[in-house]
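Subject: Structure handover

Hello,

Please find the structure below, with the sequence beside it. My notes come after it.

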Amino acid sequence: MVARLVIAAPSSGAGKTTVATGLMAAFAGRGLAVSPHKVGPDYIDPGYHALATGRPGRNLDAYMCGTGLIAPLFEHGARGCDLAVVEGVMGLYDGAADQGELASTAQVSKLLKAPVVLVVDASSQSRSVAALVHGFASWDPEVRIGGVILNKVATDRHEHLLREALGESGVPVLGVLRRAPAVATPSRHLGLVPVAERQAAALAAVAAQAEQVRAGCDLEALLSLARSAPELHCEPWVAEVGERLHAGGSGVPTLPPTPSGGTPIAPAERMPTPVVAVAGGAAFTFSYAEHTELLRAAGAEVVTFDPLRDEALPEGTSGLVIGGGFPEMYGEQLSANEPLRKAVAALAASGAPVAAECAGLLYLARSLDGTPMCGVLDADARMSERLTLGYRDAVAVSDSVLAPAGARMRGHEFHRTVIEPGAGAAAAWGLRQPERRVEGFVQGGVHASYVHTHWAGSPEAAARFVEHCR
């Protein structure tokens, strides 16, 4: 059993990331193996969690992966750890729009049977804090709020008033944090600046967060609360890809005999190992750890490269994955790396599988804010004032390297750019909400779209992609 805590708040901006990351680092500093998790589709916070713990930050998204996978994915990520800290998303009870509690921090806490610590921004209140905490603690009897951490407390007198008010609430105060500029993390148009863009500063910020938490929180009480969580009684998620089998522990999968009309493959026959290049570096920081695990489970060799620095794709590349990130912040450098842009265009022209999401879509475009990109797609992208944000229920419009036409997947959009046209002659997805539209491009082996997907919820996407690479 893994001890566990969910760090939540009444709303965004209360300090969840600071507290969660500080707790992770403080407990890791005591020698505990700490497993970091984040509710929802966030890519940036897990980078700070990884710095704090030395382990991959993992997401728990009940919309994209389904409620039935939350506990197994948690057990997979937390295997062998002493403690897991799960940072919530938005307000405790906020989830997918028009979907009730789906994908909310509250729902995830119930699926994990985990106690919740409520982080409250106390900067503009005193006695009212008790009414706020009481309301959150009593709203859903299945959500167990085991304590509160008061953030942005101004003075000793302010702390006294807050503690006095909460004394009658039945919810213990497990920490009081003063305002501390050193723990702040800079933000821009899509949230916090990723770790990969400010490694040294991020390390310093995480260290400051750990020190603030050590000084202001009752770590023993928090650990005791985490250890009060009951067993989950579920098997950990395993990176499996449909009907594929592993032969002889080699890590190279084989296929079972096909139905009548196909060519059977002997179970012992070894399949070739395709090289899948995955974009990384400061411009492409958005990825889920499970994607790489699923690609490897499907038999691929995964090699990371940096489009800002590497002038060639990894040797033997037969497939390319370009996830999300911030190419708009690095447009000039990406464009200046002309040898790599030409290599990407040549790979795409050869028909090789290319899966591009959001930032990857922009990189494959003809231009981004007037700066030349790879030119794989006859489309141009630019920055926009409008934020596009939300979950998406998607149906594959065209057969592609990720999905057959008609397949349904759930995803998420999060960007401040537009691409014109918004869809190719063969579109990638038909979206059902918030409005019906088609978007993205399927062109040869290219699947490019604004929609981020989580392959743990659709492992057949990884299997199909690697099979096309093979």
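Predicted model: local features only at pLDDT ≥ 70, side-chain atom pairs only at ≥ 80, totals over all residues.

Residues are numbered from 1 along each chain as its sequence is written, and side-chain values use heavy atoms, with hydrogens and water left out.

Helix pairs

Helices (H or I, at least four residues) and strands (E, at least two) are DSSP runs, numbered from the N terminus. Axes are lines fitted to C-alpha atoms, for helices over the stretch in contact, and angles run from 0 to 180 degrees between N-to-C directions.

Helix α2 (residues 45–53) packs with helix α8 (residues 199–216) at an angle of about 70°, and their axes are 10 Å apart. That makes α2 roughly perpendicular to α8 (angles under 35 degrees count as roughly parallel, over 145 as roughly antiparallel, 65 to 115 as roughly perpendicular and the rest as oblique). Y48, L51 and A52 in α2 meet Q199, A202, L203 and V206 in α8, where contact means heavy atoms within 4.5 Å. By class, this contact of α2 with α8 has six nonpolar residues, one polar and no charged. Ala, Val, Leu, Ile, Met, Phe, Trp, Tyr, Cys and Pro count as nonpolar, Asp, Glu, Lys and Arg as charged, and the others, Gly among them, as polar.

For helix α6 (residues 128–139) and helix α7 (residues 156–166), the axes come within 8 Å and cross at roughly 45°. That makes α6 oblique to α7. In this pair, V129, A130 and V133 of α6 meet L162, A165 and L166 of α7. The contact of α6 with α7 has six nonpolar, no polar and no charged residues.

Strand β18 and its partners

Two strands pair if DSSP finds at least two bridges between them. Strand β18 (residues 380–396) runs parallel to strand β16 (residues 367–368), joined by two bridges; L368 has A381 in β18 as its bridge partner. With strand β19 (residues 408–420), β18 runs antiparallel over 12 bridges, and A394 is partnered by M409 in β19. Three bridges pair β18 with strand β20 (residues 429–431), also in the antiparallel sense; here A396 has W429 in β20 as its partner.

The six-stranded sheet

Six strands form an open sheet with mixed pairing, in the order β13-β12-β14-β15-β23-β22. β13 (301–305) and β22 (441–443) stand at the edges with a single partner strand each, so one side of each is left without a neighbour in the sheet. Between β22 and strand β23 (residues 446–449) there are three bridges in the antiparallel sense, and F441 stands opposite A448 in β23. Helix α12 (residues 338–349) packs on the sheet and touches β13, β14, β15 (354–357) and β23. Helix α14 (residues 459–469) also packs on the sheet, touching β12, β14 and β15, and its direction makes about 145° with that of β14.

Aromatic pairs

How many aromatic pairs does the structure hold? There are seven. Rings of Phe, Tyr and Trp (its six-membered ring) pair if their centres lie within 6.5 Å; planes under 30 degrees apart count as stacked, over 60 as edge-to-face and the rest as tilted. The rings of F286 and F326 have centres 5.4 Å apart and planes at 80°, so the pair is edge-to-face. The two residues are 40 residues apart and link distant parts of the chain.

Regards
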